[in-house]
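Here's a walk through the model, one piece at a time. Keep the structure open as you read.

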Amino acid sequence: MSAPASYGPDRLSDLDRPAAGAGTWPLWRVLALVVIFYAAGASLAFLGFGAPSIVVLFLPAGITLSALLLNPRTRWPWILLAVAVTEVVVDVSHGMSPRWVWGFALANTAEPLIGALLLRRYVPGDVDLLRRDHLAAFLACCVGAGPAAGSLIGATMLALSIGLPWPQSVVSFWAGDATGVLVVAGCVLAWWHSRHGRPVGARWPLGMALAVLATVAGFWPPHVPLFYLPIPVLFALAFTQPLPVTMTAALATTVTANLMTSTGHGPWVSAGTSDQWQTLTLQVFLVSTILGALLLAVGVAERDLARRDTSLEREARLRLHALQVLTTDLATAATSEAIAQAIVREGIGLAADQGSAAIISPGGAGLMLWTTGGRPAGVPGSLDADTPHTAAIRLRRPVLHQTRQDIEAAFPQMAPDYRALGIHSGVCVPIPGDDDAPLGALTFGFHREHGVDADVLSFADALASLTGQALRRAQTYEQEISAAHQLQQALLPVVAADGLPGVRVSADYRPADLAHQVGGDWYDVFALPGGRIGFAVGDVVGHHVTAAAAMARLQSALRFVAQTARHPAQVLDDLDRASAVIPDSMMATVGFADYDPVTRLLRFACAGHPPPLLVTGNDARFLWDGRSLPLGVGATARQHAECVLADQAVVVWYTDGLVERPGQHIAASMQRLADAAGRHGSGDAHALRPHLMRHMVGDRTLGDDTAILCVQFTPAAHGG
Amino acid sequence: MSDFQIRTATHAGRIVVSVAGECDLRHRDEMTTALEAAVRAAPVVAVDLGAVRFLDSSGLHALVSARQAASRRDGVVYVVNATGTVAMVLEMTGVLQLLRPPA
């Protein structure tokens, strides 16, 4: 067996295709059946029902009609010819004059032909007697019109041959043939249609036996009217059982009632009217009872259908709602991982018992796998392994297995896992990528066999394309974010820790975890003329590459203007002017300070930036002086402040991500920062920085970029 | 999800823009659009920050942009009811002095 063939059918239509059945029977078989049943029915009419009356139940009428309806028109001539020959043979063998039998042969072929032709005008395909329109057409064309035509011909023959009164014969023939068509063709059509309807089950003979019993009981005593006993049986069957059971019971009741009557039992025999009236009214009783049962069955079927529609509708509504929740979650999921998690958490369970999402890792080397159970599955994370995921990705189409045997044959090495998970059927669909190459695959597993139907497949397809869209968006986003981060990291100064005399520097930069919040935070430490050291912290409003670019320009501008400016306030002033030509720099905040190791003088200025924290020993306080507006806001008087620092003092400068977060007062956060710094003390900047980061950020998800810079002022050993 | 809301009410000669929720990058465009529309519609725009729980640099950016747009048309934008962390952020960045109510 070739590998692709073992991965199940290509299309769902392969699943739906009906099994080959009676429709493909060879013609000889059809003809043989028609001849046998026709001869039997016709003989029964002569022997069983017919002796005393011409109003006989004529079951063969239904047999011919059924044969025509279940076979293509090309076979009709053969069927009709077989019927005509059989009719002639039976008639002649029962002593009818050969002179007239051709007339009955004509009547008994014209009748089903007319009925079938008319019915096919209105119902071209399968006849479903539980549909009002189909039932009405069947009754009008096959039970009404066909037998009417047949009885006209038959009555004419009878009038010509033995001189029986014509109108009486027409009514009698019609009643017998119509009843035969109703019970036999009704029964055959019901069974035929049940191929794709409600399953009949094995207990249908019970219903038939019950009907026979009720009929026998009802027709046994001649003077006690119990003939109605079959009615509740038929109605009860119509109410609770599939149509074939009801129709089989109707056929049994009809045959039994006619046999009972013709053998001298039942109320009709004792009615004291002519034989013809007896049998005529008997057929009328039977037909009206069966019609009542049929109408009841139609009503029940319509009710069930409406109920199923309602429950399907509710299910669809619930599923739609769940899909909306999922779509919202997918829209906010920024990473492949978040998308895969949303899919296994909220998506797969909508259609299947369990499942998984496999996504090809960015390099294309392996697969990352998430399962609905949240536990690791036995699927190797390699694209070379033979799993449903890799098969669906390789074949670029759904991989479908409806039985456990199928699955295990296709993926023998996965068999233990499937057994452990209780998977009996499933489908794996590729997640479509931009060009044809799939981004991964989704599996939908079922605890039963044949769990994958058309609904599941279309849902799986929809979910896969939804996942594909989200993944493509996220991957573009991830690339952009990662480019922004790389640019930012590349632009941040490699602070030569302790490389400058008189200071020890420790710095950290953490990008936001929520990708859409990536900002333009930066810090810098550099040497200035006269042995001074300048350091700066800044924050550009905005996100992604534009913010990183603005940050880079501001940073180099600041380094440049700081070389010539006389003091920090002037640095910020110059930078403000420079920023006029830097896009996206409006409202950027900057803190700048310079430090002279010889005099230990620190001068600092904040353009809208949070104040630096000065840690001296165990004392920590914010330097609230030297404040002015952010960059790009308009003419403003810049100012700076200054203080003389103790040995080993540390200035902690940071961006707002460290202290600002929703739900917390910034003053409280800043106090927490100061407390933590004070407790730790200014002993070692290299230890203080991670301590503060841990204390302020910890495992918290960062909503904003966060930069922190600790500058420790060491004795000017080399400064002289 | 965030409960960010922005509403504009017109009074005689001025517009009051009431902001609620978290003013961060996610809502910067929405806030900028509403404020700029207000600035175009009236010479005096008051921004009520009473129901704002969080204001970051994006929110500040939107406020200052609106103020600059107003200045170009000789208009005024000011904030009222800033409390707690919002007031402190406005003060710390110096933006509060730009957006003080006219005397």
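## How to read the strands

Two strands count as paired if DSSP finds at least two bridges between them. With that in hand, look at chain A of this predicted model: A:Ile359 stands opposite A:Gly440 in E5(A). One more such pairing puts A:Ala358 across from A:Ala441 in E5(A).

Zoom out and you get an open sheet of 5 strands in chain A, ordered E2-E1-E5-E4-E3 with antiparallel pairing. Its edges are strand E2 (367–371) and strand E3 (399–401) of chain A, each of which pairs on one side only. From one strand to the next, the twist averages 15°.

Two helices lie across this sheet. Helix H12 (residues 336–347) of chain A covers E1, E2 and E5 of chain A and runs at about 165° to E1(A). Helix H13 (residues 388–395) of chain A lies across E1, E2, E3, E4 and E5 of chain A, at about 45° to E4(A).

## Is E5 buried or exposed?

Strand E5 (residues 440–446) of chain A is largely enclosed by the rest of the structure, because 7 of its 7 residues are buried. In a regular strand, side chains alternate between the two faces of the sheet. For E5(A), A:Gly440, A:Leu442, A:Phe444 and A:Phe446 point one way. A:Ala441, A:Thr443 and A:Gly445 point the other way, and all of these residues, on both sides, are buried.

## Two helices packed together

Elsewhere in chain A, helix H7 (residues 166–193) packs against helix H11 (residues 275–332) at an angle of about 35°, their axes 10 Å apart. The crossing of H7(A) and H11(A) is left-handed.

Which residues of H7(A) and H11(A) meet? From H7(A) they include A:Val171, A:Ala175, A:Gly176, A:Leu182 and A:Val183, while H11(A) brings A:Leu280, A:Val284, A:Val287 and A:Ile290, among them. By class, the residues of this contact between H7(A) and H11(A) come out as 10 nonpolar, 6 polar and no charged.

Chain B has 4 helices and 4 strands, following the pattern β-β-α-β-α-β-α-α along the sequence. Of its 103 residues, 46% are buried. Among contacts in chain B with a separation of 6 or more, 71% are between residues 24 or more positions apart.

The mean pLDDT of chain A is 83, with 90% of its residues at 70 or more. Residues 1–22 of chain A are another matter: pLDDT stays under 50 there, and the model has 22 contacts beyond four places in sequence for this stretch. Where pLDDT is low, the predicted coordinates should not be read in detail.

Key
Residues numbered from 1 in each chain as written. Chains lettered and ligands numbered in written order. Predicted model: local features only at pLDDT ≥ 70, side-chain atom pairs only at ≥ 80, totals over all residues. Axes fitted to C-alpha atoms, helices over the stretch in contact; angles between N-to-C directions. Left-handed = near helix turned anticlockwise from the far one by under 90°. Contact = placed C-beta atoms within 7 Å. Nonpolar A, V, L, I, M, F, W, Y, C, P; charged D, E, K, R; others polar. Buried ≥ 20, exposed ≤ 12 C-beta atoms within 10 Å, placed from the backbone. pLDDT = per-residue confidence, 0-100.
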